[in-house]
Number of protein chains: 2
Amino acid sequence: MKKILLALCLAPMFVLASDSDSLFIRQLSEEIMRRGKAYDHLRDLTKKIGHRISGSEAYNKASAWGAKVMKESGADVVELQECMVPNWKRGGKDEAYLLQKDGKSVLRPIQAVALGNSMGSGAKGVTGEVIAFSNFGELEAARDKIKGKIVFFNHAFDPAEVLTFRSYGAVGAYRRSSPGIVAKYGAVGLMIRSLSDATDNFPHTGSTAYNDSFPKIPAMALGLRDADAIWEAFQKGEKMHAKLITHGRFAPDTIAHNVIGELRGTEFPDEIITVGGHLDSWDIGEGAHDDGAGCVQTIEILRSFRALGYQPKRTIRFVLFANEENGLRGATAYADRAKQRGEKHVFALESDAGGFTPRAFGVTAKGEQFQKVRSWLPLLKPYGIDNINPGGGGADIGPLNRAFGTPVAGLSPDSQRYFDYHHAQSDVFEAVNKRELHLGAVTMAALIYLVDKYGL
Amino acid sequence: MKKILLALCLAPMFVLASDSDSLFIRQLSEEIMRRGKAYDHLRDLTKKIGHRISGSEAYNKASAWGAKVMKESGADVVELQECMVPNWKRGGKDEAYLLQKDGKSVLRPIQAVALGNSMGSGAKGVTGEVIAFSNFGELEAARDKIKGKIVFFNHAFDPAEVLTFRSYGAVGAYRRSSPGIVAKYGAVGLMIRSLSDATDNFPHTGSTAYNDSFPKIPAMALGLRDADAIWEAFQKGEKMHAKLITHGRFAPDTIAHNVIGELRGTEFPDEIITVGGHLDSWDIGEGAHDDGAGCVQTIEILRSFRALGYQPKRTIRFVLFANEENGLRGATAYADRAKQRGEKHVFALESDAGGFTPRAFGVTAKGEQFQKVRSWLPLLKPYGIDNINPGGGGADIGPLNRAFGTPVAGLSPDSQRYFDYHHAQSDVFEAVNKRELHLGAVTMAALIYLVDKYGL
């Protein structure tokens with residue numbers, strides 16, 4: 001009954017408001033699609049700075065760049081919030097080879113990349129017979145056959161899963177946890193199938209972790225075509241040896257910064273809305289879709305609000321988070337300080353699923369708040385948002401949700417191509433389409449505007 | 001009232017049917033996403049044959065290839081339906097230059113392509129002062145200043161128009177009709193801004209036509225960056241001369257073929273459902289999105305039906321149409337023969353908007369038929385179809401609609417990138433994503449299955 005009354009209350013308010021809202025959102029769209037700078041900003045970030053892992057000189061350049069662009073885009077205040085970040089270094093050229101039957105001389109190279117946070121093999125590398133599994137169960141069943149070998153996990157994405165993030169979720173443990181699991185049984189090295197469903201052979205890196213009780217063996221991801229070939233050969237009973245050479249190491253933790261631009265609220269300055277992406281990337285490719293796109297979209301919302309003279313009621317923070325990829329230290333620092341200061345965080349939105357054509361928002365919020373966001377769907381639909389789905393947010397705004405129960409949302413662009421580029425050498429500026437990137441920014445700007453105007 | 005009764009009638013039928021339907025559509029999806037051959041077929045068509053304008057040897061190879069693949073994919077009958085097609089030849093290398101202020105020696109080349117059906121300039125080309133307009137109104141106002149000049153139309157897409165096909169529609173007349181209009185006022189050549197909103201500089205060809213009362217002047221489309229530069233210089237008052245060299249001509253009409261594969265209906269063999277794309281393409285690039293994608297999706301529906309042992313109730317025709325780009329003779333021949341034979345065409349579906357991620361179907365049908373298709377939306381939504389929109393179809397199935405009132409539909413993939421590639425050198429296999437292409441085929445197969453099962 002309460003819900004029905006609420007619906008009756010909200011409905012007329014919504015109807016009254018919708019004309020001016022739809023007009024203002026149209027203005028946002030025209031500003032961003034005609035005069036938007038997100039694409040040019042992305043070119044600068046990717047081509048002048050390039051990839052930018054936490055702890056690198058490139059990351060520091062990127063945060064200085066972010067602060068400069070936030071100022072140029074009209075932030076009232078721009079701040080660099082310090083945090084300590086892990087400092088993993090790839091340390092050299094990754095190499096992987098299949099060996100001749102003698103187990104010594106090289107048969108052919110494999111397209112492979114060391115997993116992030118993994119430890120180097122030493123200059124001589126590790127060599128071993130390849131034993132392949134498609135899942136942890138098969139490994140467990142063969143646990144006494146692992147010793148001295150290089151384990152290859154060929155856990156493929158399910159091509160029939162339409163939502164590619166589900167495929168990624170389903171096989172993510174093979175990248176995150178395998179090194180400790182196979183080292184326990186005496187494996188000397190690990191190769192995994194890249195977490196992707198691409199048609200090319202670029203390997204995809206990403207975070208892994210060890211079990212400290214066992215050796216920190218080299219761990220690499222293979223390009224999918226090499227993974228297919230090795231899997232097929234193994235299934236046919238071919239005996240294979242591989243050699244892995246990696247150089248990963250951790251330097252001491254170091255300082256990095258979140259970049260925070262702010263537009264101060266005119267009516268409820270203490271109510272904070274956060275919108276952001278993460279500025280760090282893996283150390284191959286250019287971090288264009290992951291997550292340069294989310295950063296430049298975030299800045300574009302600020303720029304378009306200023307260009308249209310929009311004065312928010314609530315305080316809006318535009319945040320480029322540090323260290324999403326291998327530590328989440330930037331996001332943690334942001335939420336921790338908010339707790340210390342007793343800030344009131346009313347909403348947070350992240351774009352970290354690529355700069356592709358927008359299709360939906362995923363929203364994690366209580367029932368009535370969720371319904372309120374969903375009631376705005378007709379205002380967002382002309383710009384490509386066909387669904388407001390329950391659940392969703394982003395890694396960098398998760399800590400706000402956990403600390404304050406802040407409602408959080410994530411932009412859900414079309415996901416068919418995301419894992420073609422994710423953490424790979426192919427994630428470059430040229431893989432991003434200007435119209436798709438800008439249209440995503442339009443939908444984000446519209447949602448932030450509505451939350452600012454009506455609260456949640 | 002009638003509509004309400006109908007809804008009450010249809011609703012339970014739909015509910016009863018939906019479980020088995022959703023299961024069968026899931027099977028189609030698994031067959032196509034896991035074992036689909038559309039992407040491999042597209043590679044063959046684009047890389048082994050390449051572009052294939054009507055009348056070319058390549059088109060004949062393509063129709064032979066189509067017939068072979070239709071047979072391999074399990075058609076009961078495969079037929080090559082003959083038709084006469086126009087036979088335009090580019091005839092040589094297109095060249096366009098800006099000239100030095102003397103109006104003679106070359107300043108720099110311009111990325112430009114002769115429009116389809118346009119006549120050559122002769123080997124020496126035409127030279128003239130450039131006069132630029134953004135629309136026909138401006139031209140009319142300056143009609144006495146045109147004589148002896150080269151007109152440049154810089155009618156840009158509106159970047160704020162989310163639906164790119166609307167932008168294309170809004171400026172299409174500048175490509176189709178300009179040569180006759182400017183020749184009337186004595187222009188010696190025509191340059192138009194390519195019909196695109198891309199960030200690159202590839203020029204885009206496409207059909208044009210003359211007014212037979214005036215000279216058939218050379219007509220070219222410019223890459224967008226060159227168009228921007230020339231427009232900007234003209235706005236600043238710079239006097240520019242250009243030289244255009246083209247070689248277009250028509251050879252006599254020649255024979256081409258529609259490729260028609262058929263699955264014979266078991267219950268209502270006389271009721272015909274047509275699904276198709278067009279096999280011809282412009283003579284640059286590889287015709288991958290336009291419309292290799294629609295052709296291989298069409299074949300994939302046939303293949304997946306056969307692979308799952310699906311026996312249609314109605315007769316399904318899988319058609320690769322000839323000559324969509326510059327004559328529509330294949331589509332016309334198909335509808336004409338249907339009239340002569342008194343065939344009953346109950347539905348037609350075309351994919352000719354690129355092999356991008358599916359988002360909607362556009363359906364041109366009477367109210368009750370349209371509502372019936374729309375009632376299937378929940379069955380299509382898991383595969384990316386978020387909307388069933390009124391209006392839509394395809395150039396090749398338009399004649400069926402006009403001849404019989406046949407309800408027609410078109411797949412509407414996301415359109416943000418389509419005009420980046422449309423009729424340009426960049427429309428190559430590599431621009432098509434396998435998952436997006438196959439997901440489009442899934443949604444088409446599902447719709448054809450539903451129409452076959454329930455009729456319209």
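This is a predicted model: local features need pLDDT of at least 70, side-chain atom pairs count only at pLDDT 80 or more; totals for chains, interfaces and linings use all residues.
In numbers, 23 residues of chain B are in contact with 23 residues of chain A. Helix H1 (2-35) and helix H14 (434-454) of chain B each contribute at least two residues to the side of chain B that touches chain A. Sorted by class, the residues on that side are seven nonpolar, seven polar and nine charged.

Let us now consider a single residue, Tyr383(A). Tyr383(A) is found in the loop between helix H11 (377-380) and strand E15 (387-390) of chain A. Is Tyr383(A) buried or exposed? Tyr383(A) counts as buried, because it has 22 C-beta neighbours inside 10 Å, and the cut-off for a buried residue is 20 or more. Leaving aside residues up to four places away in sequence, Tyr383(A) touches Ser29(A), Pro358(A), Leu439(A), Val442(A), Thr443(A), Ala446(A) and, from chain B, Val162(B). By way of contrast, consider Ala288(A), 95 residues from Tyr383(A) along the chain: the C-alpha atoms of the two are separated by 22 Å.

Eight strands of chain B form an open sheet with mixed pairing, in the order E1-E10-E12-E11-E13-E16-E14-E15. At its edges are strand E1 (77-89) and strand E15 (387-390) of chain B, each of which pairs on one side only. From one strand to the next, the twist averages 25°.

Inside this sheet, strand E10 (residues 249-263) and strand E12 (residues 314-321) of chain B are antiparallel partners, joined over five bridges. One of the residues involved is Val259(B), whose bridge partner in E12(B) is Leu320(B). Helix H3 (residues 57-72) of chain B packs on the sheet, where it touches E1, E10 and E12 of chain B, and its direction makes about 5° with that of E10(B). Helix H8 (residues 288-307) of chain B also packs on the sheet, touching E10, strand E11 (268-278), E12 and strand E13 (344-350) of chain B. The direction of helix H8 makes about 145° with that of E11(B).

Another strand deserves attention. Strand E9 (residues 241-245) of chain B is largely enclosed by the rest of the structure, because four of its five residues are buried. Strand E2 (residues 95-99) of chain B pairs with E9(B) in the antiparallel sense over five bridges, and Leu99(B) has His241(B) as its bridge partner. Strand E5 (residues 126-133) of chain B also runs antiparallel to E9(B), joined by four bridges, with Gly128(B) opposite Ala242(B).

Finally, the domains. Chain A is divided into domain 1 (19-88 + 252-454) and domain 2 (91-247), with 34 Å between their centres, taken over C-alpha atoms. Contact involves 15 residues of domain 1 and 18 residues of domain 2 of chain A. Thank you.

Technical notes
Residues are numbered from 1 along each chain as its sequence is written. Chains are lettered from A and ligands numbered from 1 in the order in which they are written. A residue is buried if 20 or more other C-beta atoms lie within 10 Å of its own, exposed if 12 or fewer, and partly exposed in between; C-beta atoms are placed from the backbone. Two residues are in contact if their C-beta atoms, placed from the backbone, lie within 7 Å. Two strands pair if DSSP finds at least two bridges between them. Axes are lines fitted to C-alpha atoms, for helices over the stretch in contact, and angles run from 0 to 180 degrees between N-to-C directions. Ala, Val, Leu, Ile, Met, Phe, Trp, Tyr, Cys and Pro count as nonpolar, Asp, Glu, Lys and Arg as charged, and the others, Gly among them, as polar. Domain bounds come from an automatic or database domain assignment.
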